[in-house]
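Visitor: I would like to learn how to read domains and interfaces in a structure. Could you take me through the one shown here?

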Protein chains: 2
Amino acid sequence: MPGGLLTDLYELNMAASYLRHGRNRTAVFSLFVRHMPKDRGFLVAAGLADCLEFLERFSLEEADLAYLAETQGYGPDVLEALGRLRFTGDVWAVPEGHVVFAGEPLLEVTAPIAEAQLVETVLLNHITFQTSVATKAARCVLAAGPARLVDFAFRRTQGIEAALAVARASAIAGFAATSNVEAARRYGLTAAGTMAHSFIEAFPDEEEAFTTFAADFPGRTTFLVDTYDTLGGVRAAIAVARRLRLPGPIAVRLDSGDLAELSRATRRLLDEHGFTDAQIFASGGLDEYAIADLVAAGAPIDAFGVGTKVGVSADAPYLDSAYKLVVYAGRPVMKLSAGKVTAPGAKQIFRGEHDDLVGLRDEPAPPGRRLLLRPVMLSGRRVAPPEPLSVPRERCAADLARLPPEARALRGPTPPPVRETPRLAALAERVRREVCRAAGITTRATRR
Amino acid sequence: MPGGLLTDLYELNMAASYLRHGRNRTAVFSLFVRHMPKDRGFLVAAGLADCLEFLERFSLEEADLAYLAETQGYGPDVLEALGRLRFTGDVWAVPEGHVVFAGEPLLEVTAPIAEAQLVETVLLNHITFQTSVATKAARCVLAAGPARLVDFAFRRTQGIEAALAVARASAIAGFAATSNVEAARRYGLTAAGTMAHSFIEAFPDEEEAFTTFAADFPGRTTFLVDTYDTLGGVRAAIAVARRLRLPGPIAVRLDSGDLAELSRATRRLLDEHGFTDAQIFASGGLDEYAIADLVAAGAPIDAFGVGTKVGVSADAPYLDSAYKLVVYAGRPVMKLSAGKVTAPGAKQIFRGEHDDLVGLRDEPAPPGRRLLLRPVMLSGRRVAPPEPLSVPRERCAADLARLPPEARALRGPTPPPVRETPRLAALAERVRREVCRAAGITTRATRR
């Protein structure tokens with residue numbers, strides 16, 4: 001997809017004005033989440049890979065410029081300058097898979113302001129969406145304990161591209177497989193899936209449907225048992241598996257009804273008939289809350305298929321993310337709009353054992369703390385090739401394991417403290433005073 | 001994007017089985033929303049255009065087949081049959097922009113079952129997502145009354161493709177413009193946008209920023225006034241407009257704070273200084289509820305920018321949609337899974353003045369009722385070229401105007417009644433008995 005017009009019009013208007021007046025000096029923009037959504041004790045960073053791919057390809061084509069000339073009346077000088085634009089800046093970012101919190105920069109862009117401004121919309125889009133989904137998926141992983149998770153979201157995401165991104169984000173969060181075949185191919189994931197109710201209905205009866213399917217996929221047969229009556233379906237699956245002497249362990253999928261009760265009854269039936277290695281797969285409107293309830297009820301479920309509610313992060317379908325100018329032409333800046341104050345300066349996250357400090361990028365790291373933001377693009381070029389998905393996946397598992405219980409809680413969690421370093425706090429106070437003086441504001445509530 | 005692997009694995013497994021056994025007879029699948037989400041009294045149908053484009057191009061390429069051979073072990077006979085597949089079926093659908101309700105088919109596919117099954121995932125995806133967003137956007141249109149609406153969702157949708165679809169769906173629902181430049185170009189919409197807070201901050205002070213911007217865009221200057229202090233910003237905008245003697249009417253954008261109070265104070269300031277034709281534009285976390293509150297408070301706002309909450313349909317981020325087999329090889333079928341019962345047979349919606357009837361496609365239309373489902377694709381070919389966006393837009397405006405007040409209500413609405421025709425009810429009862437008999441179920445709760 002061409003990159004140049006994938007932006008909000010105001011970005012182009014501002015870029016046009018900057019270019020026209022030769023005001024295209026270096027800016028630093030910081031992308032962060034202002035507040036944690038309800039019931040979120042952590043976020044899982046995701047979306048950076050798509051951001052870098054976008055930045056590498058960014059340019060306005062002839063057709064883009066012609067459209068702008070016709071509809072926006074930009075002059076030839078501006079159009080020529082827009083046509084020459086590429087992304088030539090630096091990007092520092094939190095690598096995908098890391099756990100982060102509100103107020104921490106996920107990504108910072110340092111570039112001539114016209115470039116940095118034009119890419120805002122797409123960077124915010126990828127990071128906001130993919131971080132919200134990776135977070136939701138990680139909560140399911142925490143809820144499921146040892147049970148495996150499979151991404152079933154394709155049919156309910158916001159389009160095809162979204163379905164691919166959801167499969168990838170949930171793999172980063174620790175999902176074992178996806179039903180999305182194109183995503184499996186593209187990202188090297190395991191594709192998983194069995195049959196739908198329609199398959200059963202296309203046969204005169206359930207047992208004939210099961211027999212046909214098992215003969216076609218003998219080593220890995222999962223029977224969908226709830227089309228007519230769940231326990232009747234389990235009995236039919238057992239009968240077919242016996243008759244065909246299937247080589248591999250079978251599985252049954254429960255997709256409706258009281259999953260706790262049905263899974264227990266199904267387990268009993270399977271065990272009574274000697275299918276002690278048969279697995280029980282559950283699906284149907286599940287999310288981390290439902291999974292946690294099933295786990296708490298001792299439901300003997302080996303794997304969960306989760307779709308819709310993870311695919312749209314149903315209980316927190318967006319993050320309050322922002323991309324804010326923090327430095328222009330070497331001058332730290334900040335915004336004082338009601339409820340939307342931003343801290344100035346290029347930043348760094350200093351992660352400790354029990355808390356995070358957000359400070360200035362160029363201040364020395366406090367002892368014993370890790371730096372979370374790393375340079376990922378310099379002068380418009382990646383510093384390294386794209387990571388294989390196993391890398392952010394391991395990063396996420398390690399960070400989730402280190403999270404304190406109060407941050408992992410599904411309901412009413414408390415994220416670890418995130419505080420400013422004294423240097424950042426002092427800079428923010430100095431800039432606030434300067435801004436107020438320049439704007440002629442004499443009194444002003446304190447910053448936060 | 002290639003089409004063949006854009007599906008859930010189980011669709012391919014089922015198709016493989018059907019093809020292998022020569023069981024690829026004609027099926028009818030019905031796509032509908034089971035239940036209205038909370039606070040939805042109507043839905044606006046959208047997503048059909050993308051469905052038809054997908055169906056027209058559907059095929060599995062060599063690389064798709066190689067991937068399936070390697071990872072799924074499909075045999076050469078199945079791979080060859082999959083490689084020959086194209087979508088050759090018929091599609092009947094509710095045209096985009098029409099108001100519909102739960103239980104009504106939005107789209108029905110009649111095709112050899114392998115084809116009909118393979119396209120399920122993408123059809124459900126487009127219709128579910130775009131219908132949910134068009135519905136949310138239409139609620140904003142109803143709330144805003146005469147005020148104009150602008151789509152600001154690009155930065156918070158689930159990816160780029162989603163942002164384009166949201167711009168289109170909100171245009172169908174009646175939005176006046178979009179900030180998304182690529183969407184504006186692609187769909188012939190009006191692009192709208194002004195400046196961001198970063199623009200103001202990149203200048204020594206607000207007045208210099210305003211002066212530069214107004215000189216660049218003299219005929220259509222909208223000043224963003226809340227970077228430091230909203231009413232101070234309005235005064236600066238007035239000063240700049242006077243000094244530069246701007247030719248067109250100006251506008252100011254309020255993006256934070258108490259929008260009702262600030263819009264009234266802004267209106268007074270503008271009027272006192274003779275800018276009675278200046279417009280007030282409001283944005284910042286708005287949705288239909290916030291817009292309705294502002295309208296009820298008499299806030300003098302001329303246009304609303306709405307983004308995030310419409311872009312993800314925040315209070316109802318998905319629809320409980322389904323794509324269910326209703327006929328196979330001439331035999332009406334239905335599913336009896338707990339809470340997921342489906343009515344058999346190819347259907348039609350008969351719309352009356354005050355209610356809808358859902359009946360069988362081949363039964364005579366009850367007198368005085370309109371047929372909502374129309375053939376849009378026959379034997380894999382569209383019956384007409386894609387509609388210009390003005391057509392679904394007018395359809396939506398007309399249908400919204402006819403909605404009763406209790407269905408238009410933003411909170412606790414009541415949709416008009418949707419009932420089954422006696423013929424559909426009789427068929428459902430007959431098929432239910434047959435299915436129960438075949439499955440050996442003797443007692444069963446009634447269908448709904």
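This is a predicted model: local features need pLDDT of at least 70, side-chain atom pairs count only at pLDDT 80 or more; totals for chains, interfaces and linings use all residues.

Visitor: Into which domains is chain A divided?

Guide: Domain bounds come from an automatic or database domain assignment. Here domain 1 of chain A takes in 9-132 + 319-439, and domain 2 covers 134-311; their C-alpha centres lie 39 Å apart. With contact meaning heavy atoms within 4.5 Å, 23 residues from domain 1 of chain A and 24 residues from domain 2 of chain A take part.

Visitor: What does the UniProt record place along chain A?

Guide: UniProt positions are given in the numbering used here, with shortened feature names, and annotations may be inferred rather than shown by experiment. The unreviewed entry places "domain: Nicotinate phosphoribosyltransferase N-terminal" at residues 5-127 of chain A, a span that is 46% helix and 20% strand. Helices (H or I, at least four residues) and strands (E, at least two) are DSSP runs, numbered from the N terminus.

Visitor: How much area is buried between domain 1 and domain 2 of chain A?

Guide: The size of an interface is often given as the accessible area lost when the parts come together. Buried area (1.4 Å probe, summed over both parts) is about 2,000 Å² between domain 1 and domain 2 of chain A, and carbon and sulfur atoms give 63% of that. On the side of domain 1 of chain A, Leu389(A), Arg393(A) and Leu410(A) supply 33% of the area buried against domain 2 of chain A, more than any other three residues.

Visitor: Which residues form a salt bridge there, at what distance?

Guide: A salt bridge is a side-chain nitrogen of Lys or Arg within 4 Å of a carboxyl oxygen of Asp or Glu, and the rule finds 1 across the interface of domain 1 and domain 2 of chain A. Glu96(A) pairs with Arg168(A), the closest N and O atoms being 2.6 Å apart.

Visitor: How many residues of chain A are in contact with chain B?

Guide: The contact joins 110 residues of chain A to 110 residues of chain B, and the area buried between these chains is about 8,800 Å², of which carbon and sulfur atoms give 55%. Across this interface the rule finds 12 salt bridges; Arg155(A) and Glu120(B) meet in a salt bridge at 3.0 Å, N to O. Helix H1 (residues 9-20) of chain A gives the most to the side of chain A that touches chain B, with 10 residues.

Technical notes: Residues are numbered from 1 along each chain as its sequence is written. Chains are lettered from A and ligands numbered from 1 in the order in which they are written. Side-chain values use heavy atoms; hydrogens and water are left out. Buried area is the accessible area (1.4 Å probe) that two parts lose on being put together, summed over both.
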